[in-house]
Amino acid sequence: MKKTLLIITVLFSIQLFSQAIYEDERYVPETDPLVLEKLDEWQGLKFGLLMHWGTYSQWGIVESWSLCPEEYGWCERKKGSNPNDYFAYKKEYEALQTTFNPVKFDPDRWAKAAKDAGMRYVVFTTKHHDGFSMFDSKYTDYKITSPKTPFSSNPKANIAKEIFSSFRNQGLWAGAYFSKPDWNVKSYWDPYFPPKDRNVNYSPVDYPEKWQEYVDFTHNQIMELMTDYGKIDILWLDGGWVAKTPKAEITEWYKHNIANDEEGYLKHRIINQDIKMDELVVKARKKQPGLIVVDRAVHGKNQNYLTPENRVPEKTLPYPWESCIISGGGWSYTPNAKYMSAREGIHMLVDVVAKGGNLLLNVAPSPEGEWQQDAYDLLKAYGDWMDVNSTAIYETKPIAPFKENNICMTQNKKGNVFLFYLAAEGEDKIPAEVVVKSITPKRGAKITMLGSNKRLKWVKQDEGFKVIIPESLRNNLPSKYAWTLKIEAVNK
């Protein structure tokens, strides 16, 4: 019983507090054969691009969250002429629509940079929690194509459509991020009531017609994306608190949170918000057969893969997963953002893939519609490394123990095993001997370094083996930051 309560507690703190998905969360396998096939393909892609972009980029703030009246650091109001007056602030925030004009928007350049980096899919924020639609929705005027938005007169005004088209043209899959909560629409935050927290600000039970209006609005917007924007491979849903939640789970959540708060003050609530997700997924897959659906932080069949947020799990996981990671600054545009180094980025990709996951790397465009140069530089470093080492990344799976000291491991369908030697800070040369204790090549197996045709000598030891790296190769390594040894076959 105690174990069950602990699991429930962990799940709720995940779903309703931070939106991060932890590896002890339960997973419900998909049964649709088309989705299973698609999911298997997706697991082979390994590397994707996430982009958070909206009117909030003009203020360089955390996307949407300053509209949320919760007492958390990420909800602080730091911009605007009067951040101490919530309602004045919300009005000013939403007026950012009238000045949003990203005239330097060039999705073809982004798509080319992503492809060259070795990325295989994109997930774009078609709508965040603030409700501003970066697509031409007919169900709202709070959108990029509204006459109120200066960019609406631009030939590329339908930003989501342009992005999906450009990335598809480069051979990448298209994923639509969509926020289930919408803090702009009246059927979610009714202007008669002040917003209380991130949740709907009225009782869906007491106002069933209003809640149905919101369900219809959400379904209609998502179906626009499924119908009018070409092939969509992934529907990536955020705002896990908007979900059907049984009474027992609600009761348990309140019991836990009250027990941990001496004053009985809760910064936010939990509310049953049945968005009719099962019905929506059926409709969406009629338009997009095999569609991967990621209903983040909502336990059930509509979360086809899990999404650890801004962190990498410590071990391999027994289900499909993807770490979504900030490359620099925050999720949204940050002036003078500091990006991860090439070494950090490459090591993170290797670490994620060795554990069986995908890496979804976030880059945030500026209010003018540009990426910062450091983002391009990081992707260029990825591309240079992937040009040499990508065969050890794509279409691979973990092999136990997945990592030994600073050496990560993967295995492909042919049974080849890849050893990634992760260089320490400032280390620009692989050692003359690389020792691995946890696996052993088959007798006579060929070992090479990716990027070199030279066959390497190896010696079996009492535990594992060692590879001899000749000086000529050590002085002329084919890549930076991590070097990959390919073993033809290993003993099982």
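Start with Arg343. At 21% relative accessibility, Arg343 counts as partly exposed. Here are the cut-offs: buried is under 20% relative accessible area, exposed is over 50%, and partly exposed is in between, using a 1.4 Å probe and protein chains only. This is a predicted model, where local features need pLDDT of at least 70, side-chain atom pairs count only at pLDDT 80 or more, and totals for chains, interfaces and linings use all residues. Residues are numbered from 1 along each chain as its sequence is written, and side-chain values use heavy atoms, with hydrogens and water left out.

Back to Arg343. Which residue forms a salt bridge with Arg343? Glu425 does, and the closest N and O atoms are 3.3 Å apart. A salt bridge here is a side-chain nitrogen of Lys or Arg within 4 Å of a carboxyl oxygen of Asp or Glu. This pair links distant parts of the chain, 82 residues apart. Glu425 is in the loop between β11 (417-422) and β12 (433-436). Arg343 is in helix α9, residues 342-354. A word on those labels: helices (H or I, at least four residues) and strands (E, at least two) are DSSP runs, numbered from the N terminus. Is Glu425 buried or exposed? Exposed, with a relative accessible area of 67%.

How many salt bridges does a search of the whole structure find? The search finds 24. Take Asp233 and Lys38, whose side chains meet at 2.4 Å, N to O. Again, distant parts of the chain are linked: the two residues are 195 apart. Asp233 is in the loop between α6 (208-228) and β4 (234-238), while Lys38 is in helix α2, residues 33-45. Asp233 is buried, at 4% relative accessible area. Lys38 counts as buried too, at 10%. Lys231 joins them: Lys38, Lys231 and Asp233 are linked in a network of salt bridges.

The charged end of Lys38 sits over the ring of Trp173, 4.2 Å from its centre. For that, NZ of Lys or CZ of Arg must be within 6 Å of the ring centre and within 35 degrees of the ring normal. Arg120 does this as well, over the ring of Tyr394, at 3.5 Å from the centre.

One more salt bridge: Asp136 with Lys143, 3.4 Å from N to O. Asp136 is partly exposed, at 39%. Lys143 is buried, at 11%.

Next, Thr140. Where is Thr140? In the loop between β2 (121-127) and α5 (159-169). Thr140 counts as buried, at 16%. A polar atom of the Thr140 side chain lies 3.0 Å from the backbone nitrogen of Tyr142. Leaving out residues up to four places away in sequence, Thr140 touches Ser133, Asn184, Phe217 and Gln221. Contact means heavy atoms within 4.5 Å.

Last, the rings. The whole structure holds 35 aromatic pairs. Why is the pair of Trp65 and Trp183 edge-to-face? Because the ring planes are at 75 degrees, with the centres 5.4 Å apart. The rule: rings of Phe, Tyr and Trp (its six-membered ring) pair if their centres lie within 6.5 Å; planes under 30 degrees apart count as stacked, over 60 as edge-to-face and the rest as tilted. Both Trp65 and Trp183 are buried. Finally, ring pairs build a cluster, and among its members are Trp53, Phe100, Tyr142 and Trp371.

Notes
A polar contact is a pair of N or O atoms within 3.5 Å; within protein, one must be able to donate a hydrogen and the other to accept it, and residues adjacent in sequence count only if both atoms are side-chain atoms.
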